Amino acid sequence: MSTIDKDGMLIDTKVTLKRYTSIEHGDLASVCAVVVHQTDAPSAQHTFNGYNAGGNGAHFLIAKNGDIYQTASTKKRCYHVGRLIKSKCLTLNKSTCDSTEMAKILAKSWSAQIKAMDSHERLKAYPERYPVNSDSVGIEIVGKHIDDKQYEAVTPAQNESLKWLLGELYQHFSLTGSDVYRHPDVSYKNPGEAKGASW
Ligand SMILES: [Zn+2]
């Protein structure tokens, strides 16, 4: 089994360490969940070039051929979820929502609604809400966005690597499959992102 070193890096022959401190933004106190993404780039190198410039990014990247890179420390926060999260109770089990508050939020215009929903959800603790940047790690799978609904297919080698990587993260951070989310489930993204990923 892999280990995680003092710098938050996953040590295993299957993982190439390629850390970009440019995409790390402060400390990540705990890891409660994993968010799976697709890059909307044709190759790993495209994403690495972007990471050099800093800004948004995720902790791991899985190339087309299944090679796994760790691009940020699991002890550091990355901006991968986005600013506004969706409501988990509204999506998965409406009866568990605060219905009075939800009705107020849903009566607002779309742009006001998604902001109010995010503020409302952030008052909850995980797993009552979807994960945010301050309690999750991100895994990027290399793949281009095709249209409004689709991304490129996730390759069998990528899915095999994703399963292995998640298995390691489950053990290191005491997570289960219910703590793994596709990016468009958590925030407002192209619904095709990571659709072909399986775990
Ligand atoms: Zn994403």
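Predicted model: local features only at pLDDT ≥ 70, side-chain atom pairs only at ≥ 80, totals over all residues.
1. A pocket here is an open set of points on a 1 Å grid over the protein atoms alone, where a 1.4 Å probe fits and protein lies on both sides within 12 Å along at least five of seven lines; its lining residues have an atom within 4 Å of a point.

2. Residues are numbered from 1 along each chain as its sequence is written, and side-chain values use heavy atoms, with hydrogens and water left out.

3. Back to the largest pocket, which holds about 430 Å³ of space, a volume being the space filled by probe spheres set on grid points joined across faces, edges and corners. Strand 4 (33-38) and helix 1 (44-53) each supply at least two lining residues, and helix 1 gives the most, with three. Helices (H or I, at least four residues) and strands (E, at least two) are DSSP runs, numbered from the N terminus. By class, the lining has 11 polar, four nonpolar and four charged residues; Ala, Val, Leu, Ile, Met, Phe, Trp, Tyr, Cys and Pro count as nonpolar, Asp, Glu, Lys and Arg as charged, and the others, Gly among them, as polar.

4. The largest nonpolar core has 22 residues, with Val34, Ile139, Leu162 and Leu165 making the most contacts inside it. Such a core is a set of buried Ala, Val, Leu, Ile, Met, Phe, Trp, Tyr and Cys residues joined through side-chain atoms within 4.5 Å, where buried means under 20% relative accessible area (1.4 Å probe, protein chains only). Strand 4, strand 5 (60-62), strand 7 (136-141) and helix 5 (156-173) each give two or more residues to this core, and helix 5 has the largest share, five residues. Apart from it lies another core of 12 residues, including Ala44, Phe48, Tyr69 and Ala72.

5. Ser87 deserves a look too: this residue sits in the loop between strand 6 (68-70) and helix 2 (88-92) and is buried, with a relative accessible area of 4%. Beyond neighbours within four places in sequence, Ser87 is in contact (heavy atoms within 4.5 Å) with Cys97, Met102, Met117, Glu121 and Tyr130.

Definitions and conventions
Buried < 20%, exposed > 50% of the residue type's maximum accessible area, 1.4 Å probe, protein only.
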